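Reader: Can you walk me through this one? I'll ask as I go.

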Amino acid sequence: MEQPILTINNLTKKFGALTAVKDLSFTINKGNVYGILGPNGSGKSTTLGIVLNVVNKTNGDFHWFDGTMSTHNALKQVGAIIERPNFYPYMSAEQNLKLVCKIKGVPLYKIDEKLEIVGLLDRKYHKFKTYSLGMKQRLAIASALLNDPEILILDEPTNGLDPQGIHQIRQIIKDIAADGTTILLASHLLDEVEKVCSHVVVLRKGEKLYSGRVDEMISSHGFFELKADQQDELITLLKTHSNFSKLKIEDDLITAFLEEPMSASDFNKLMFEKGITLSHLVKRKESLEEQFLKLTDNLN
Amino acid sequence: MLRLLNIELFKLWNNKSSRVLIILSFVLPFTIAFITSIKIDLGFIRLDPSEYGIFNFPFIWHWNTYFASIFKMFFALVAISMISNEYNYRTLKQNLIDGLSKKEMILSKFYVILAYALVSTVGVFIMSIIIGSIYSTYTEASIVFTDLEYLLAYFLKLVGFFSFCLFITLLVKRSVFSIGIIIILSAIEWISYAYMRWEVYENQAQEIGYNFAEGISQFFPLMSLYNLIEQPMVRYATRINPEDIGLIHDYTVQWQEILIVIVWTALFIFLSYRLLKKRDL
């Protein structure tokens, strides 16, 4: 039995004439790593803002856990970072985290434990304003982890960081996910979602295009990239073969999309029987990026 | 309630400028009061406050609460910054995400205002008792504890003014605009008071204009606070020359003045909450 953590039903948010989120529904279950994927301005942050109690919804509803708790009390069991890290610049890391402990009702000994995880323990007495962006983002993660949350929500966690910072943050996220914490990661970076998430919700202009497992989203059976000396014969053969749906020909490279599952060796054998020698044969699956572009293009 | 108070005080106390302002707002009036109460005898110049009677019970309640309330400006700056900082640092959003509700957010600020006003009122009480017991001509308990309503008025005046600052700052989000609006509004109130008093009934008896201006302006947000404790200098002067009947005026704290201020305070806090609730952050 799957345990729902967040349920969203027909959620709509309008900013004047602009509809930022349109009739959005999805459920987040315990133990999975979810990605919300969409280009900038697709309603990711607005959706998170609504469920995190900072943006008012126009229509629809949502509830945390089994729906018996008020939103602000439920948020005490959630850890969230949205946009830039927000802390009091005049306070040290430790003081900032103390304040979060007071708000969430968490014992103070958690502070050192979480600062250790993000590698900031030696800087705990330094004022927040002296931190680099990467350190600020790591402090934000420590703060979100203070209450050992049921779910960790991250909105563009690697935005604006240098490669080293991005690597550190991703490693931390992977470690947390490995501990079994549910994660909801909003990003416009496909490889980020592809690398970390098991489930994905794809948004475009506030509308849901897809929601489900990442590997099921890539639903096609893949495609062959082919080169052969007898190009015309190869094309005729591919066109008549029932396993292939679509052909794309760029110069001497032929891309054949599979309708039915077929292994590269089976295909090679078939070609050999037909007397066509291939000079190039690669079987590939579409990446999330290609799939994503296909999904978002379909609506244009 | 204690949790919210604790959260907000933690934010204020760790902020150097807030801490300095709060300390100053206590230290300054007390120092000034004690300095003015010192007997100075240099032979040729002799200042003895007990001779002027400003520290006599029960008049001291009026005198001290009036002058102490001038120092409310220090904490007004704190009250303004405690909202504008949250917007500046975007911590308002973060606090809500961490699990504080919008209602708790407003309440935590209001509790700090109440706590400050309460401590300040107790401080003025203690200061007046000390100075009064040294310099007052009358020290019978029945006289000492008359006119204590000035302390209530002082408390409400502080709470009302800080709640007003809170609301205005929440409205405009920036401390500079907020201070500007408060100054402009107080100017508008005084100008409209002057207009009602001297222009509207220009050619008629003075009392008509006076009554009209007082009657309307007592409902103004800032004027209502000012009315709670009126300036004691004229009252002091009339005590010395009681025959100067042209200056007869009621200086006591009126129940309707208290009511008006309570209504304004409740309105400011309620509107602050509504405003925050409606706003997308």
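Author: Start in strand 7 of chain A, where S187(A) is the bridge partner of L37(A). Helices (H or I, at least four residues) and strands (E, at least two) are DSSP runs, numbered from the N terminus. This is a predicted model, in which local features need pLDDT of at least 70 and side-chain atom pairs count only at pLDDT 80 or more, while totals for chains, interfaces and linings use all residues. Residues are numbered from 1 along each chain as its sequence is written, chains are lettered from A and ligands numbered from 1 in the order in which they are written, and side-chain values use heavy atoms, with hydrogens and water left out.

Reader: How many residues of strand 3 of chain A are buried?

Author: Five of its five. Buried means under 20% relative accessible area, exposed over 50%, and partly exposed in between (1.4 Å probe, protein chains only). V33(A), G35(A) and L37(A) point one way from the strand, Y34(A) and I36(A) the other, and all are buried. In a regular strand the side chains alternate between the two faces of the sheet.

Reader: What is the strand order in the open sheet of chain A?

Author: The order is 2-1-4, three strands with antiparallel pairing. Strand 2 (18-29) and strand 4 (59-64) of chain A are the edges, each pairing on one side only. From one strand to the next the twist averages 15 degrees; axes are lines fitted to C-alpha atoms, for helices over the stretch in contact, and angles run from 0 to 180 degrees between N-to-C directions.

Reader: Charges next. How many salt bridges over all chains?

Author: There are 16, a salt bridge being a side-chain nitrogen of Lys or Arg within 4 Å of a carboxyl oxygen of Asp or Glu. One of them joins K110(A) and D148(A), at 2.5 Å from N to O. That pair links distant parts of the chain, 38 residues apart: K110(A) is in helix 4 of chain A, and D148(A) is in the loop between helix 5 (133-145) and strand 6 (151-155).

Reader: Is K110(A) buried or exposed?

Author: Buried, at 12% relative accessibility, whereas D148(A) is partly exposed at 42%.

Reader: What about chain B, say E86(B) and K109(B)?

Author: They form a salt bridge, the closest N and O atoms being 2.8 Å apart. E86(B) lies in helix 5 (residues 72-88) and K109(B) in helix 7 of chain B, so the pair ties together parts 23 residues apart in sequence. E86(B) is buried at 3% relative accessibility, and K109(B) is buried at 2%. Back in chain A, shared partners join K110(A), E113(A), K114(A) and D148(A) into one network.

Reader: How many helices and strands does chain B have?

Author: It has 14 helices and two strands. Of the 281 residues in chain B, 49% are buried.

Methods: Two strands pair if DSSP finds at least two bridges between them.
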